[in-house]
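Here are a few exercises to work through with the model open beside you. Try each one yourself before you read the solution.

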Amino acid sequence: MNAPLGEVAPGILAATGGAVFGAGETPDGSRMERRPERFFFTGTGGEIRDTLPTLLGAEMWMVAQGNAISVWTVPFGRDAVVETGPGVVAGGSTEHSWWRIWDASGALVRIIRLELPERPVTAEDWERAREARIPADADAARRSAVRDAYDAIPAPEAWPVFSDLEVDDQGYLWVQRFAPPWEEDAPGAWWVFDPSGALLGEVALPAGFQVDAIRGDRVVGRWEDELGVARARVYRIVGR
C-alpha cells in the first residue's frame, strides 16, 4: 500500500504504507493486535524517496471464527497519527504527550512535549464506553450481542492523550485532545504550539466538526447535519 497523506514540499509527499502483516499468518482465537505502520516520502508518481520512522498503529481486537476474522475497534485504544504541513511532517502515538517534527529531508528537527499525568481507564469508564458503542436503534438482541462482544475485550490501562494532529500554514502544531466515546459529539478541544514548540493555549471547535485544514485565521472542515449530509464549513479563529 502507498496512501498519500499530503504534500510536504513541491514534488514530495508523505505517505503511509499501512500496517505490517507477516506472510502465512494464521489467527487463532481472540487476541489484541497493534501492528507496526510504515511511513514514507514519495514522489508525485508514488515512487519511494525515503522512509520515516515506523510507528505502532491502531489497537484492534481480533476474533478468529473458522476462516473468518472479525475486527473490533477498542475504546480508549492506542493509535499512530501522522500529518503534513508546509515543509514538515508531524507524528506521534496517541498514548504519549510528545510529538516529533521532521523536515522534508526526513531529518528530525524538533520534539514537542507536554507534561500530563496518566489517566487510568476505570471500570466506570469502560462501561460508559461500551454503552456508547451500542446503536441508538438497536433491538434487545443487538444490544446484548454488542455488550457480550465488548465484555471479552481487555480494557486498556490508560486513556490516550490525543486523537488527531494538524499543522497549519504558519507551522503551528494543533493537537486534538482525546475525547471519550460518550463525548464524541461534544466541542473539540485543541492544544496549539508555535513553531518553536511553546504551548500557546487551547482552542475550542464546534461539536461534530472534522478539521481538514488551518490557513491563517480560518479553520476549514466538514460537518454533518441531522440527516448525515456532510457540508463544508469555515470558522474564523478569534484573536489570531
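**Exercise 1.** In which loop is phenylalanine 76 found? Then work out whether phenylalanine 76 is buried or exposed.

*Solution.* Keep in mind that this is a predicted model.
Step 1: go to the loop between strand E5 (68–73) and strand E6 (80–85), and there you'll find phenylalanine 76.
Step 2: look at the relative accessible area of phenylalanine 76, which is 2%. Buried means under 20%, so phenylalanine 76 is buried.
Step 3: check the backbone too. Phi of phenylalanine 76 is near 65°, a positive value in a residue that isn't glycine.

**Exercise 2.** Find the strand that holds valine 82, and list what valine 82 touches beyond its sequence neighbours.

*Solution.* Step 1: valine 82 lies in strand E6.
Step 1: with a relative accessible area of 8%, valine 82 is buried.
Step 2: skip the neighbours within four places in sequence, and the contacts of valine 82 are Leu5, Phe39, Leu55, Val89, Ala90 and Gly91.
Step 3: Glutamate 166 is 84 residues from valine 82 in sequence, yet their C-alpha atoms are 8.8 Å apart in space.

**Exercise 3.** Describe how helix H1 (residues 123–132) and helix H2 (residues 140–151) pack.

*Solution.* Step 1: two packed helices are described by the angle between their axes and the distance between the axes.
Step 1: for H1 and H2 the angle is about 140° and the axes are 10 Å apart.
Step 2: roughly antiparallel would need an angle over 145 degrees, so H1 and H2 are oblique to each other.
Step 3: their crossing is right-handed.
Step 4: Trp126, Arg130 and Glu131 in H1 meet Arg147, Tyr150 and Asp151 in H2. Sorted by type, the residues of this contact are 2 nonpolar, no polar and 4 charged.

**Exercise 4.** Which residues in the largest nonpolar core touch the most other members? Which element gives the largest share of this core?

*Solution.* Step 1: the core has 15 residues, and Trp99, Phe162, Leu165, Leu173, Val175 and Phe193 touch the most other members.
Step 1: strands E7 (88–93), E8 (98–103), E10 (162–167), E11 (173–177) and E12 (188–193) are the elements giving two or more residues each.
Step 2: E10 gives the largest share, 3 residues.
Step 3: zoom in on leucine 173. Not counting residues up to four places away in sequence, its contacts include Ala90, Trp99, Ile112, Leu165 and Phe193.

Key
Residues are numbered from 1 along each chain as its sequence is written. This is a predicted model: local features need pLDDT of at least 70, side-chain atom pairs count only at pLDDT 80 or more; totals for chains, interfaces and linings use all residues. Side-chain values use heavy atoms; hydrogens and water are left out. Axes are lines fitted to C-alpha atoms, for helices over the stretch in contact, and angles run from 0 to 180 degrees between N-to-C directions. Helices (H or I, at least four residues) and strands (E, at least two) are DSSP runs, numbered from the N terminus. Angles under 35 degrees count as roughly parallel, over 145 as roughly antiparallel, 65 to 115 as roughly perpendicular and the rest as oblique. A crossing is left-handed if the near helix is turned anticlockwise from the far one by less than a right angle, and right-handed if clockwise. Contact means heavy atoms within 4.5 Å. Ala, Val, Leu, Ile, Met, Phe, Trp, Tyr, Cys and Pro count as nonpolar, Asp, Glu, Lys and Arg as charged, and the others, Gly among them, as polar. A nonpolar core is a set of buried Ala, Val, Leu, Ile, Met, Phe, Trp, Tyr and Cys residues joined through side-chain atoms within 4.5 Å. Buried means under 20% relative accessible area, exposed over 50%, partly exposed in between (1.4 Å probe, protein chains only).
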